[in-house]
Amino acid sequence: MDPHLEKSFEKAYAENVDGVFRFVLYRVSDKEQAVDIVEDTFLRFWQALLREKISSERGLLYQIARNLVKDWYKKKKSIPLGNFAEGSREEGELYLDMFAGNLPKAEMMSEAGLAKELMESLDPIYREAVYLRFVEELTPTEIAKILGVTSNIVSVRINRGLAMLRDKLHI
Amino acid sequence: MKIDELKKLKNIRLSDSEKKEIFGRIMKAIGDGKAGAQSTRSVPSPFFRFSFFSYGRFAKVAVLSVLVLFVAGTTAFASLKSLPGDLLYGVKINVVEKIQSLTKVSSEERVKDNSERIEKRVNELKKLTETGRLTKEKTKKIQKNINKNLDNLDQDIRHIKEKSKKVQGASGLQKKLDVDLENRSVEIENIRKNEKVPDKEALQSVLNRINHSREGR
């Protein structure tokens, strides 16, 4: 194994494993399942590292995780319809909405309860962009790559999401 | 700002031990090749795979035979008359005689083969002495080869004794072998007496070794 590559991988893992885990957990609502998907995510990331030079490692990781979540929910048929949010009109597909499941209380610290409520109050189409921007602190460019849309669309979703939040919070 | 409340969602995270455990599993999967891990991993070619030592006797014979025939049938033939110090002597010992020995399947055949090879070595000693070409180095080389043949011979005799219930057969072979080795001893003794021989000690050592082999049985 190339030691330089291994070091890059280890660094990417250390910096992003929590964020990727959260991103997946808020979708699949099951910790074990989230861990499985996280492992697969990093394995595929390793494959990508071997193939090519990666400009945005963080962006790629979230992109892989998102695709794996999509694959997972395609196989799982018992998810209530209400948990699905229509994807962007550009995407034209359903995707599993964030915060749609019932996370066990132990996995959601009580002080984050408000945060969860805030996210749930958002229009689903804006939720992901707002989450990635303000929780995981990704750039609009990175988010655009993850969601498979343009940066402009990402910016629009973020702004509209914030507007909704301000409205809810009366600020 | 209440929007900063969103950042509290970041409080959900894996513990250090969980992260280590997951990382360990990932690295293991990579190491096991489950993630296309080793881009430089050599893949055995389906067209060429050869490891001499992993093949059985027959395959070794076949390969060596082809090698000898391909390299130079005439060269192999020419090597039969070569002596220590000659260019083709290595071919004679390590290729031609090696192939011949690989065709000997049973212990009895191998005993006979080793005995014949000892005879050839002693003949080489004679020729080198007669032509004044025997050196210490060549003597040592022949000594080494004879010792090796004797070791093989002793091993095969032991094997024959262990497995054979036909006492008559075993002792018949043993008698023939004793006679052969006795003849070799006489020949070496005569060579040793020659004034031109540079390394009498080496030849004495060979004689001792032959006697040891005879007495051991």
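So, the crossing of H1(A) over H1(B): H1(A) passes H1(B) in a right-handed crossing, right-handed meaning that the near helix is turned clockwise from the far one by less than a right angle, with anticlockwise being left-handed. Their axes come within 12 Å and cross at roughly 145°; axes here are lines fitted to C-alpha atoms, for helices over the stretch in contact, with angles from 0 to 180 degrees between N-to-C directions. Helices are DSSP runs of H or I with at least four residues, strands are E runs of at least two, and both are numbered from the N terminus.

Before I go on, this is a predicted model, where local features need pLDDT of at least 70 and side-chain atom pairs count only at pLDDT 80 or more, while totals for chains, interfaces and linings use all residues. Residues are numbered from 1 along each chain as its sequence is written, chains are lettered from A and ligands numbered from 1 in the order in which they are written, and side-chain values use heavy atoms, leaving out hydrogens and water.

Back to that pair. Who touches whom? On the H1(A) side you've got A:Glu6, A:Phe9, A:Glu10, A:Tyr13, A:Val17 and A:Asp18, and on the H1(B) side B:Lys19, B:Ile22, B:Phe23, B:Ile26, B:Met27 and B:Ile30. Contact means heavy atoms within 4.5 Å. Those residues split into eight nonpolar, no polar and four charged, where Ala, Val, Leu, Ile, Met, Phe, Trp, Tyr, Cys and Pro are nonpolar, Asp, Glu, Lys and Arg are charged, and the others, Gly among them, are polar.

H1(B) turns up again with H2(A), residues 31-51. The buried residues of H2(A) pack against H1 (3-28) and H3 (57-75) of chain A, together with H1 (16-31) of chain B. Among those buried residues are A:Phe42, A:Phe45 and A:Trp46, and A:Glu39 is on the list too. Buried means under 20% relative accessible area, exposed is over 50%, and partly exposed is in between, with a 1.4 Å probe and protein chains only.

A:Ser29 isn't a glycine, yet its phi is positive, about 60°. A:Ser29 sits in the loop between H1 and H2 of chain A, and it's buried, at 17% relative accessible area. A:Glu137 also has a positive phi, near 60°; that one is in the loop between H5 (124-135) and H6 (140-147) of chain A, and at 39% it's partly exposed.

Over to chain B. It has seven helices and zero strands, and 36% of its 217 residues are buried. Of its contacts with a separation of 6 or more, 65% are between residues 24 or more positions apart.

One more helix pair there: the axes of H3(B), residues 89-102, and H4(B), residues 107-130, come within 11 Å and cross at roughly 160°. That makes H3(B) roughly antiparallel to H4(B); the cut-offs are over 145 degrees for roughly antiparallel, under 35 for roughly parallel, 65 to 115 for roughly perpendicular, and oblique for the rest.

B:Ser82 counts as buried at 5% relative accessibility. Setting aside neighbours within four places in sequence, B:Ser82 is in contact with B:Leu88, B:Tyr89, B:Lys92 and B:Glu124.
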